[in-house]
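Here is my note on the structure, written as numbered points you can follow with the model open beside you. Take them one at a time and find each residue as you go.

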Amino acid sequence: MEKQLSLSFENTAIAFEHMSNRALKRANFLFSNIGKPWLVKLGAIATPIAFKLRLPVKGIIKSTIFNQFCGGETLDEAVRAAEELGKFGVGVVLDYSVEAVEGEENYDNAVPEFLRAIQYAAGKPHIPFIAIKVTGFARFSLLEKIHAGETLSPEEQAEFKRVHDRIHTISSAAAKGKVGLLIDAEESWVQQPVDDLADEMMGLFNKEQVIVYNTFQLYRHDRLEFLETSFDKAKAAGYLLGAKLVRGAYMEKERKRAEEEGYPSPIQPSKEAADQDYDTAVRFCLDRLNDLGLFIGTHNEDSCMLAAELLHEKGIAHNHPRVSFSQLYGMSDNITFNLAHAGYRVSKYLPYGPVKDVVPYLIRRAQENTSIAGSMGRELGLIRSEMQRRKM
């Protein structure tokens, strides 16, 4: 094996090889505008109102922000996007991103959509994962009550049993199809029942290979310790831990609620503290690959480079079956495609669903991007240097 790792996140020829000149121009236009907080704020308020009033905005949204960040409106469209990415050695995480409208019927109706995705992904190396959110199958206030340790009425107990059964049905299908199942993290005040469900499913289905992954949000100051105790618990109970590491997505919301309700914020005191815990978590997992599966979900170039270098230094195959990198579709292509080019297992989170139903996801993406200082400038700079390279 070569001593030096030849990997750079600056190579725009590799990063944007999959994009036509037209797609590159569209990305340039989009990222120029997403960098403007006032515009994102306006869009977040105006878009849902426009849909309510049945104004003809779908076409505009679909041809711009939706096409950039989503794989399509249906599973079939998402599959086509997955096949395009597969040509460049990039896998996908199928993510049916309809933010569930509450109601038992809606929760029940969501299950077959995920089963269809699993069925399709089974046996296809370029679709190694699907992602779910427990709040897509459960009433938020019910999860809140369980997290707070309140006693459930017999009706609520029956309701949570149905939530459990939905997650079990999906996990069981994933195990049968040998498709990785990523259980997303939620707000800290509903996280406990999500962790409990994830632990139970890992105990059932992660005996010989890692199927189910729980998500550890390292921008919370207690999650590194939780990762370590989750590992000890899995080891003691004889199952493999699935660890999806992310920084986190609810920072402003978490701080605001903690302040309003007068409890200590669960969020790290600084970005440096979150970065430090994230990288420590990566090291922790890479030292224990015999007993866990690691999913590195981040747009942070330093963390990706650290993980790639550690694999390289330890003499672990770049495409080790228990290590995956991932970034969101439409973002950080400089990381994704350069990792794939260097032989690492990497996939794009590929959201799909009807335009109107995916709008909350898209708004969140745009808001996240404006709140991450410098990330828009980085995306734009890379896109523009590739446009220059192509003499566009």
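This is a predicted model: local features need pLDDT of at least 70, side-chain atom pairs count only at pLDDT 80 or more; totals for chains, interfaces and linings use all residues.

1. Is Lys391 buried or exposed? Its relative accessible area is 76%, and the cut-off for exposed is over 50%, so Lys391 counts as exposed. You will find Lys391 in the segment after H16. Its backbone is worth a look too: phi of Lys391 is near 60 degrees, a positive value in a residue other than glycine. Most residues other than glycine have a negative phi.

2. Now turn to another lysine, Lys178. Here phi is near 55 degrees, again a positive value in a residue that is not glycine. Where does Lys178 sit? Look in the loop between helix H8 (154-177) and S3. With a relative accessible area of 58%, Lys178 is exposed.

3. Next, the neighbours of S3. S2 and S3 run parallel and are joined by 4 bridges; in this pairing, Phe129 stands opposite Gly180. S3 and S4 also run parallel, with 3 bridges between them, and here Ile183 stands opposite Asn214 in S4.

4. Stay in strand S4 to find Gln217. Is Gln217 buried or exposed? Its relative accessibility is 4%, and buried means under 20%, so Gln217 counts as buried. From Gln217 to Glu186 the C-alpha distance is 9.1 Å, while the two are 31 residues apart in sequence.

5. Now for the rings. How many aromatic pairs does the structure hold? There are 13. A pair of aromatic rings is described by the distance of the centres and the angle of the planes. Take Phe129 and Phe295 as one example: the ring centres are 5.1 Å apart and the planes stand at 85 degrees, so this pair is edge-to-face. The pair links distant parts of the chain, with Phe129 in strand S2 (residues 129-132) and Phe295 in strand S6 (residues 292-297), 166 residues apart. Phe129 counts as buried at 3% relative accessibility, and Phe295 is buried too, with a relative accessible area of 0%.

6. A second pair to look up is Phe216 with Phe226. Their ring centres are 5.5 Å apart and their planes meet at 45 degrees, so the pair is tilted. Phe216 lies in strand S4 (residues 212-217) and Phe226 in helix H10 (residues 223-237), 10 residues apart. Both Phe216 and Phe226 are buried.

7. The charged end of Arg223 sits over the ring of Phe226, 4.2 Å from the ring centre. You can see such an arrangement again where the charged end of Arg288 sits over the ring of Phe284, at 3.8 Å from its centre.

8. Some rings join up into a group. Which residues do ring pairs link into a cluster? They are Tyr96, Phe114, Phe137 and Tyr352.

9. The structure holds 1 cavity of 30 Å³ or more, and the largest cavity has a volume of about 40 Å³. Its lining is made up of Phe16, Met19, Ala27, Phe31, Gln68, Gly330, Asp333, Glu379 and Ile383. Helix H2 (21-34) and helix H16 (375-389) are the elements that give two or more residues to this lining. By type, the lining residues divide into 5 nonpolar, 2 polar and 2 charged.

Notes:
Residues are numbered from 1 along each chain as its sequence is written. Side-chain values use heavy atoms; hydrogens and water are left out. On a 1 Å grid over the protein atoms alone, a cavity is a set of points where a 1.4 Å probe fits but cannot get out, and a pocket is an open set with protein on both sides within 12 Å along at least five of seven lines; lining residues have an atom within 4 Å of a point. Grid points are joined across faces, edges and corners, and a volume is the space filled by probe spheres set on the points. Ala, Val, Leu, Ile, Met, Phe, Trp, Tyr, Cys and Pro count as nonpolar, Asp, Glu, Lys and Arg as charged, and the others, Gly among them, as polar. Rings of Phe, Tyr and Trp (its six-membered ring) pair if their centres lie within 6.5 Å; planes under 30 degrees apart count as stacked, over 60 as edge-to-face and the rest as tilted. Buried means under 20% relative accessible area, exposed over 50%, partly exposed in between (1.4 Å probe, protein chains only). A charge sits over a ring if NZ of Lys or CZ of Arg is within 6 Å of the ring centre and within 35 degrees of the ring normal. Two strands pair if DSSP finds at least two bridges between them.
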